[in-house]
Every structure is written in structure tokens, then in C-alpha cells.
Amino acid sequence: MKRIGVFICHCGINIAGTVDVKRVAEEVAKLDSVVYAQDYIYMCSDPGQALVREKIRQEKLDGIIIAACSPSLHESTFRTAAEEAGLNPWQCEIANIREQCSWVHTDRKKATEKAIRIVSTMVEKTRLNESLEPIPVSITKKALVIGGGIAGIQAALDIADSGHKVILVEKESSIGGHMAQLSETFPTLDCSQCILTPKMVAAGKHRNIQLMTYSEVEEVSGYVGNFNVRIRRKAPFVDWSTCTGCGLCMEKCPAKVPSEFDRGLSTHGAIYIPFPQAVPNKPVIDRESCIYFKTGKCRLCEKTCEIGAIKFDQEDQIIEEEIGAIITATGYETLPVTELQEYGAGEVPDVIDGLAFERLLSASGPTSGEVRRPSDGRVPKEVVFVQCAGSRDPERYRPYCSKICCMYTTKHALLYKHRVHDGQPYIFYIDIRTGGKGYEEFYHNAEQDEGIIYLRGKVAKIFRDGDKTIVWGTDTLTGRNVEIQADLVVLATAVVPRESTAELVKKLRIQTGPNGFLSEAHPKLRPVESINSGFFIAGVAQGPRDIPETVAQASGAACKVISLFSRDHLEQDPAIAWVDEELCGGCRICISVCPYDAREYDEEKCIARVNEALCEGCGSCVAACACGATQQRNLSDSQIKSMVTASLGGE
Amino acid sequence: MAKVAYYPGCALKERSSHLDTSARDSAVRLGFELDELPTWTCCGAVPPVSEERVMNLVAPSRILKDVRDSGRDVLITICDFCYNTLKRTNYSIRTNEITRKRINAFLADDEPERDYIEKKDAYWVDYTGEVRVVHLMEYLRDEIGYGNIREKLKRPLSGLKIAPYYGCVMLRPQNEIQLDEPENPSIIEDFIDSLGAETIRYPYRTECCGSYLSVSSPDASTRLCYRILTSAQQHGADAMVISCPLCFYNLDSRQKAIAEAYPDFKPIPVFYFTQLLSVALGVDEGRQGFERHFVDVAPVLDMILQGSGKGDRT
């Protein structure tokens, strides 16, 4: 007979406020095998853990149950404590009486009864638990970072600096991301390019970083420490190894393509470098708009290039790499102005979005930093900024706050005022949210001293009337409707995940939340990890955030990778599926239901095996197995049967 | 000729009978017949905006169930309020199981009495939202096709500048109606285009005409209609086209009050879309009920008649 100890946590009043913990201890002490039951105010605290360790030794416990919060929070804490006291960690189980009991109930009597049943259920499980050993898994110490914006660059640099190899994959031909488009950054107004380009250059030159721009991840298989990744290097139709980046080809190209980097405010040729500070500074030919690819004639660039670097016959390359950990930092887009029907649906030329205004403000932008409106190039004298354009609007657009807009809109108005002294900026806002170091002061200064008119309310409609753009809004502080005859309107459009991220997460098999942003393993305590081990996340792909937060998170993700790589081998949880080879008939149902590709068929023995490194212990195959050959370690049929009985009150 | 079930609603039987007549005439010219339901009741009109969640849906549900029971799956309406009421009722029945059950309980309870009147002996089947409620404009766009209308025109409205006006209930709420994008619609513009006329873009096409404020605070409605009509004129409109009888009342009849309140106001004729369609398809202009308009349509009508020079009199 096993000697089981039960430790019931009060969690302050989180549990004890609703559940009578003393009674739970009294009741479970009566159960078979339970030789010790005790409650304590904070079981996860040092004295709490000390109590657990002490009682394991004193009472010679060979199984313990911690009745406390969710196992996702403290299972590892208590298993470590158990191990320190000489108990096998898989003999320690968590009975969740907080999230699944005290937090969701108010009736003390019923909640106490439920808590007793939850604990009894885990007693039944523990009674039959086997002692297990972790499964060692080897590890490839090379990281893949997907996305070459500031998040990806920072993560790649941090990992590379620790001595590990990194592949940095970027979809566009240059790294830099959105930060390269920005003029100046809040709240210090340093020039975005000036602080970013040194990092871009460093990433380009680092001996441990292999830059793969103009490339996309095609396929990912394998598991933590041992991923196999296929990367498509799109053909740039330029031999980058010989191209010197002289730029003559770009001057000669007769095609005119709206510049994505300049948000359509300028054009470039079909052969182009997105911006002058690009890393690598090599051009690509956009197949869609190249006259030669469309008509079979032209090849002007080829004639111009003295070293013969133009290669129209280049083809996409597929590169296969072995990788140990993957950071996804694919960034964001902004909601297209064309989707905002009440704001002109993109048909009003002087209604632009925040990123376009960044390009108008940027010294390297299409107007060399002079604020000139798109319709006629005039300097706008009345500029209306509209915050929450598509954010915080669950009925029509996005329900969430895009977080960065309050600050960048204030910055926009301020920079506009600095360039056009007699201009009048207006800002429509719902709330001004300035959570960040120096942010409130920045806003306060702009609001008090810079002559910006803040209007608290939403804009109902924007339309063109002659050469004016009319803005209808409401000022909820005075309760009046406002009409402004604006020269330019800047919409702080919602931050949205990139469309390509949805494709990518399917390949990686990581999760996204309801708004399409990447999901973290735990919103507070594991913010840079994906639920699937070996995958980490950084930057706005996870949710709207500003540059400092992005950089911090990228370093955090890099740190997680480095810590993973600091081990000689990984340990896999052994509480997974196993196969009784005598029973398995080789029907292969398990293979079809496994979401992790962890079941494989052994042709020789004609049975289905478990790849222990891949198995996550989800139990799908265990449930599907018709002949009972597949079993879950420490969740055997007999365990489940007695757990169900206990959870129903022991009858 | 294809017959399509048709629910006219109260306004089209009385004050706006010219909307009904012109719609029926146009339909015939386009090759289908608006087949009025043999029996029908009030659609409920305003109740959809009330707090009560089920009782107001009983009348429209009964109408829809009758259509279903007659073996038809499409119901055309023209009045924007009827369209809104019927379509939203359908939406509730389709999406809310409790509503569906309660409605059917009411309808079933009501059935024996109606049996007595109508001698119905069909087996009871719950109404689950099978009938598709279609606005006539929507039917023209999706079933007839604006391109086909263009081909059948006898008197294209070329040279005429028309301001579309949408009002409120034709497009909203979007998730339930799904006829067009309510903030930036195009269905009437495309319709005007199919008649060969020129569309006037002006900012007030989706702004409120005052709706029932016409009753409780007519001044508010006067102010709103003044802005809508004036803006359309400033952008060069010769006429305005609408589909809602209440909008028609506010935008046409109210021009008397507008002229009194705003001395600079100049009248502008307002048409039901079916009237312009019917005239353009060659139906006699005498059948359009223009005498019921407050604002004289003669200047615009002259433009149309002179524009084509010939009319295929019916």
C-alpha cells in the first residue's frame, strides 16, 4: 500500500475564501493510502515547500498531492521539491482546487464538497502512479529566427553573441521591417533609422548570423532541439555574390511600381532596393511588374550591368537546415485604409495612414521630410489625426487597443507642428493611453505647449469636398458635433497581424488567438514561449507593442533559446503514450489521429510505435486504440476508471 | 412569366401606391410578375426597434411562414421598413433557437383560428427561416442583372444627374441585412448607372432624414432633410432617388416646411427608384402617380422625355 500525503493550499483567501480547507484535510485524511493531510496558507512559498519536503522524509511518503492552483502554474515547482526530498517527481500530482473550484464557485459548502472530490480523484491516480525517468533528447544548437524586423534582428544578435549559430529569414529583400520606415521615435524623438541601421549592419556582418532575405519558411518538421526546416530562397534574378549594389540598373529600369516601403507615395523600378540603407544592399527584380517578364522584351538592366549580375534564368532555391529552436517574429500590418468605409474607403487621396505620414516626415522619404499632401503636393495647414481607426470597435473592425497609436499620433502632431509652424493639428481620441517611461510627460508637453487641439470623441465620417477633406466628428466633452475642413487626415489604423502569419503558423503548428496574433504559453509567466516546445515568439506578431517592449521581448526570447542551448541534452516528459507490442495489431488508427506526427509504423514488426521525442502525451491515440495496446503512462485505464469513480463521489 | 411572391406592406397600398404600381409595371417589362400574397398583415414596422424580443416578430413570422407553406422560397418587398422587419425577423429565427421555438409556439397556437378562416389542412411544420427576403432593388441587381436592365431601356436617362439616397433601414444593421456596405454603399449608384443617368456623389447619401421624428419633432427632420437636399443640389443633382416611403414623405412633402424655414432653399424632385425604372423602360409617365408628389417633377420628366424623344406608351 502506498503512503500518500496531501497538502492543501489556502492560496491566501483565493482558495480558503470559498473552500473550507480544514474540512478538506479532515475528509481526505480518511481515504485509503492517505497517511498525512495538512493545509497551509501558501504552499508554494519557501516554508510551504519545506513542509512538503520534511513530511516526505518524516512520513516516508511515496506519493504526494498538492491541492492548489492549476498544474500549469506550479506543477514543476512541487515536482522539483519532491525530487529534492528523494521522491520521484512523477509521484507528485496537482489537484486543481483554485481555477477549477474556488475561483468559479461562491457556495462554500458545495465548493468544499467539490474540492474533496477533486483531491480524492487525484489520490486514486497517485495510488497507481509509477516512478518515471525523463527521456533524454539530443539538441541541435542552431536557431532559426523568422522575420527581420527589429524583433528578429535583436533576437538574432543576442543568440549570435552567445556563440550559437542563427539563421535569420526575411520575406523582403532587406531586413529592417517597419522600424526602418519610421521617421522619429517617441518619446525621445531619436531618428529611427539612426538607431536601427547599426543593428541591421551588425546582423548582416555577424559571423554567427546567416542572413536569408527574400526567403520564406516552407516547411517545418521535427521537434524541440531537432527541427528540420525547408526554406525557399526566392530568385532575385540578380547574382548577389557579384552585384556591387551600384544602382545603375535601377536608374535605367523603365517600369514604375508603387513603393511599398513609401506606402505608395513614391515609385521605383521593377528592379529595386526597398530603401537606400537596405541590408543586404542588393536589388531584386519584381517578377510581377518587370517588363521583360511580362512581354518578353526590355532587358535594359541586363545591358546596363557591366559585371553581368542580372540573371533572368535564376530559379527559387530550396534550402534544408537542421535547427534546435525557432523564434517567430513576423511583425504586423496595419488595417488598410480601404477597409474603413466611413473614412472614405481609400478613395479620398488626402486620407492616409500613420505609416504613410511617417514617410512624409522622414528625411529619406518621398518629400525629403517636408509635409506635403498626396493630392496636390501642397503643405497642409489643417491636419486631423484620427485615433482608434479600426481599433476598439468590436462591431465593425477590431475589438482590441492597438496600443502604440496614442503615442505615435501625439508624436505625429508634434513633428508636424515642428515643420509647419502655422499649421493646426487636431487629434480625435477615445482615451489617451500613455503607459510607458516618459510617455505621459511627452503627451503632457504636446498637449499643453504645442498648440495641438485634442478632441475627445470619434470621427463619424470623412469625405472629400472640392480640395478639402471634410471630417465629421463629435467632441464628447462639450457634447457638440464638430466639422473640420481639413487639408490632410491621418488615420491611426489598427495594428493587425500579417496575413502571411496565418499561413506560417499552420506550417509551424503554433497557435494564434482570436485576433490572429501569436499565442503565448502563459499570458503573464511565459510571455515569450509558444505552447509547443522549441517555439518562441517576439514582437508585434504576438500583439500590439512599441519598440522598447519589442526589443525587450526579443531579448527575452533569445535568452530562452540560449538557455535551451546551454544544455547538453533535453529532457522529455515521460508521461506519454507507450505501446504494448504483444497487443498491437498494426491497424494504424493511432497514426491518423496523432496531431504531433509522433506515431509511426514499424514495417518489420508490423506494429505502431511511439516517437518519444515527439509525443506530447495528449492521449488521442490512447483513446483511439481499439485493442488497448496503446496506453498512457500514469494514466492507465484502471487509473482513469478509479478516478472517474472518485470524481463521482466514490459510488 | 415568372411569378415571385410579393409583400407590398401598408404604405404601398395607400400613401405610396405609386411605388407599388411602378414596381409592378417595371417587373412586367423585365419579365417577371410581382405576385402579391393572397393574405397578409402588417409587418410590424417599428417594433424591431423596441425592447420586446419576441412578440413583435409574430406578425412578420406568420407572413414568412405562409410564403413557405405556399411552396415558395423567395419573398420580394420594396418598402425599406418592411424589408428590414421581415429580414431581421428571419435572422432572429435562423440564429436564435429560443426565439424560433417561441415564435412557432405562438404561430401554432394561432393556427386553429386561421384554419377556420382559410380552411387550411396542411400538417404543422415549424418555420425555421427558409424564405429568402429580397428587396426589389436587390432582386434587380442579383437576379435580373443591371446589365439586362440597361439592354431593355426604351428611354435611357442620359444627361440626368441623380443623387442616390439610402436612408437608414435599407442597409442596417449590416450583419443582419447584408445587402451592401452601410457606410459606403453602391447598390443605388449602380442602379442609376444602369438607367443611363449620371450619379451625383454627395456626403449626405447615408445620413438620417429624421425618420419618425417627422411626427414628434418635425423641425429636426426639416433641418436634416434641408441638409440632405441642399447638399445634393450643390453637387449638381437634378433629382433624388430613394426606395423608402418614409424617406419619400420626409424628403418630398417636407420640402414645403423646408422652404418656409430656409429662404435659400430650392425644391428638387424626389423619385422612387421604381418610377425612374418604369419610365426608362417605356411605361407611360401618366401611370407613375407624379400628381401625388409635392414637388413638381415636370422639369426632370421633360428632360427624360426630350432625351429619348419617343415613348413606348402602355
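Modeller: Strand β22 (residues 424-429) of chain A is mostly covered, with 5 of its 6 residues buried. A residue is buried if 20 or more other C-beta atoms, placed from the backbone, lie within 10 Å of its own. Strands are DSSP runs of E with at least two residues, helices are runs of H or I with at least four residues, and both are numbered from the N terminus. This is a predicted model, in which local features need pLDDT of at least 70, side-chain atom pairs count only at pLDDT 80 or more, and totals for chains, interfaces and linings use all residues. Residues are numbered from 1 along each chain as its sequence is written, while chains are lettered from A and ligands numbered from 1 in the order in which they are written.

Strand β21 (residues 382-389) of chain A runs parallel to β22(A) and is joined to it by 5 bridges; strands pair if DSSP finds at least two bridges between them. In this pairing A:E382 stands opposite A:Q424. From β21(A) the chain passes through helix α11 (residues 405-419) of chain A to reach β22(A), a right-handed β-α-β crossover. Right-handed means that, with the strands pointing away from the viewer, the path from the first strand over the helix to the second runs clockwise.

β22(A) also pairs in the parallel sense with strand β23 (residues 453-456) of chain A, over 4 bridges. Here A:Y429 stands opposite A:R456. Together with helix α12 (residues 439-449) of chain A, β22(A) and β23(A) make a right-handed β-α-β unit.

How values were computed:
Buried ≥ 20, exposed ≤ 12 C-beta atoms within 10 Å, placed from the backbone.
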